[in-house]
Amino acid sequence: MNQSNSRLHSSIIPLMAISGGVLIANIYYNQPILKEIGTSIKASEAAIGKIAMLSQLGFGLGMFFLLPLGDKLNRKKLIVALSAALVVVLGLFTMATTLAQVYVLSFLIGLFTTPAQIILPMAATLVGNENRGKTVGRVFSGILVGILAARVLSGFISGLFGWRYVFGISAGMVLTIVVLLQRCLPDVEPKFKGNYIGLLRSTLSLIKEYRVLRHAAFLGSLTFGIFCSFWTTLTFHLAAAPLNYSVSTIGSFGLVAIGGALVAPYFGKLADKGSTYGSLLITVGLIIGSVILIKIFPYSLVALIVAIFFLDIGVQATQITNFARIYGLHEHAHNRLNTIYMTMYFVGAAIGTYFGLFAWKLGGWDMATSQMLFWGLAALAVVFFSERKNVRDSVNITMKREVVVVEVFDRK
């Protein structure tokens with residue numbers, strides 16, 4: 001990589017981080033304002049509750065069917081085209097008047113938010129291996145801040161102007177991002193030359209080909225499942241006696257999580273230095289320690305704040321380390337690798353949310369934290385197993401090399 005490219009990359013990475021956050025936030029804007037949307041279009045709570053599910057479904061399908069295209073098509077053109085389509089859909093959403101319109105447009109918002117995940121592997125491509133973890137960490141943190149800030153921003157704008165302004169303002173923000181990306185994003189030519197069906201088959205073949213990908217995807221699904229389980233049940237816990245926090249107070253806890261997301265990229269530097277195992281031990285340990293803290297002190301405000309901060313660091317830093325691992329597997333398959341990883345990531349989210357709600361129904365906060373602790377220990381076991389396998393493989397490779405050397409020496 002030449003010097004000019006290095007300067008280009010150092011200036012473009014912050015834009016990619018901001019762009020990822022602005023795009024991904026659109027999936028989560030609807031969650032705090034479902035009641036307002038339902039009242040506006042005269043829909044029941046049960047009917048309007050499907051909006052969040054449809055936007056997530058659209059995003060999930062986009063990750064599987066659109067994300068791999070980043071390895072086949074020009075990434076800049078793909079990102080700009082899909083983001084421009086999102087601007088149109090957001091504009092239409094501000095004018096929606098029926099439940100059917102809201103359903104279709106919510107699905108399309110999720111589908112056209114996919115560029116947030118195309119930007120992430122592209123950032124990994126733009127830099128050398130020595131800075132990959134750090135760079136991915138910065139962009140991923142931008143995405144996480146977008147996820148966490150979306151709920152706070154949505155509630156604030158809706159309270160002042162109405163829910164339609166949330167999506168109208170977002171359309172303006174995404175349009176600004178489209179213009180900036182079109183002007184500043186470098187062209188990265190694709191390396192995959194096959195057809196679309198071959199692309200999807202190639203994506204699935206990576207699961208069998210790379211053990212590191214399987215381990216990273218499983219670990220990512222476990223830790224993000226804990227994250228979703230935590231935030232789903234935390235709302236009930238904070239609203240119940242004896243805490244009895246208001247909706248606005250509960251929402252403010254998301255600001256603590258944003259602080260954790262900003263700290264997480266520093267773990268990418270450990271991955272760049274080859275300290276993957278040590279980094280994962282620390283990050284998963286932070287998750288387990290945070291769950292134990294809020295289990296022992298469920299009603300302490302200080303304990304809750306500390307636990308939220310470090311649990312968020314642990315979850316996000318684990319993902320950043322995983323990204324650094326998988327993006328080093330195949331230089332020309334970053335989007336396909338990301339497809340497998342992120343699909344498992346959101347499968348974990350769905351499972352974690354389900355078990356969190358189920359545990360809350362059975363035994364409240366104590367049961368909810370117990371099942372989080374179980375998944376945390378399972379994640380730690382995955383880290384240990386992965387490292388033992390790596391050590392065993394290294395020993396086997398070394399022994400094979402020694403045998404070859406001895407055979408060559410004997411022949412001489």
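Me: Before looking at details, what does the secondary structure of the chain come to, and how much of the chain is buried?

Reply: The model is a predicted one, and its chain comes to 16 helices and zero strands. Of the 412 residues in the chain, 50% are buried, while the accessible surface amounts to about 18,300 Å², with 68% of that surface belonging to carbon and sulfur atoms. If you look at the contacts between residues at least 6 apart in sequence, you will find that 83% of them join residues at least 24 apart.

Me: How should I read a place where two helices meet, and at roughly what angle do the axes of H4 and H6 cross?

Reply: Helix H4 covers residues 50-65 and helix H6 covers residues 99-111, and their axes come within 6 Å of each other and cross at roughly 35 degrees. The crossing in which H4 passes H6 is right-handed. On the H4 side the residues that meet H6 include Ile51, Leu54, Ser55, Phe59 and Leu61, and on the H6 side the residues in the contact include Val102, Tyr103, Ser106 and Phe107.

Me: How do I describe a pair of aromatic rings, and how many aromatic pairs does a search of the whole structure find?

Reply: The general idea is that a pair of aromatic rings is described by two values, the distance of the centres and the angle of the planes. In this structure, a search of the whole model finds 23 aromatic pairs. Take Phe93 and Phe167, whose ring centres are 4.4 Å apart and whose planes stand at 50 degrees, so that this pair is tilted. Because Phe93 lies in helix H5 (residues 75-93) and Phe167 in helix H9 (residues 163-184), the pair ties together parts that are 74 residues apart in sequence. Both Phe93 and Phe167 are buried.

Me: Is the pair of Phe224 and Tyr345 stacked or edge-to-face, and which helices hold the two residues?

Reply: The rings of Phe224 and Tyr345 are stacked, with 4.0 Å from centre to centre and 10 degrees between the planes. Phe224 belongs to helix H11 (residues 211-239) and Tyr345 to helix H16 (residues 334-411), so this pair ties together parts that are 121 residues apart in sequence. Phe224 and Tyr345 are both buried, and they also belong to one aromatic cluster, whose members include Phe140, Phe227, Trp231, Tyr327 and Trp365.

Me: Does Lys42 count as buried or exposed, and why?

Reply: Lys42 counts as exposed because its relative accessibility is 76%, and the cut-off for exposed is over 50%.

Me: Which parts of the chain hold Gln316, Gln117 and Asn30, and why does each count as buried?

Reply: The cut-off that you need for this step is that buried means under 20% relative accessible area. Gln316, in helix H15 (residues 301-326), counts as buried because its relative accessibility is 0%. Gln316 and Gly220 are 96 residues apart in sequence, while their C-alpha atoms are 9.4 Å apart in space. Gln117 has its place in helix H7 (residues 115-126), and it counts as buried because its relative accessibility is 2%. Leaving out residues up to four places away in sequence, Gln117 touches Phe59, Met63, Leu67, Ile143, Asn338 and Met342. Asn30 is found in the loop between helix H1 (3-24) and H2, and at 4% relative accessibility Asn30 therefore counts as buried. With residues up to four places away in sequence again left out, Asn30 touches Ile37, Ile51, Ala52, Ser55 and Phe167.

Terms used:
Residues are numbered from 1 along each chain as its sequence is written. This is a predicted model: local features need pLDDT of at least 70, side-chain atom pairs count only at pLDDT 80 or more; totals for chains, interfaces and linings use all residues. Side-chain values use heavy atoms; hydrogens and water are left out. Axes are lines fitted to C-alpha atoms, for helices over the stretch in contact, and angles run from 0 to 180 degrees between N-to-C directions. Helices (H or I, at least four residues) and strands (E, at least two) are DSSP runs, numbered from the N terminus. A crossing is left-handed if the near helix is turned anticlockwise from the far one by less than a right angle, and right-handed if clockwise. Contact means heavy atoms within 4.5 Å. Rings of Phe, Tyr and Trp (its six-membered ring) pair if their centres lie within 6.5 Å; planes under 30 degrees apart count as stacked, over 60 as edge-to-face and the rest as tilted. Buried means under 20% relative accessible area, exposed over 50%, partly exposed in between (1.4 Å probe, protein chains only). Accessible areas come from the Shrake-Rupley method with a 1.4 Å probe; for residues, only the protein chains shown count as cover.
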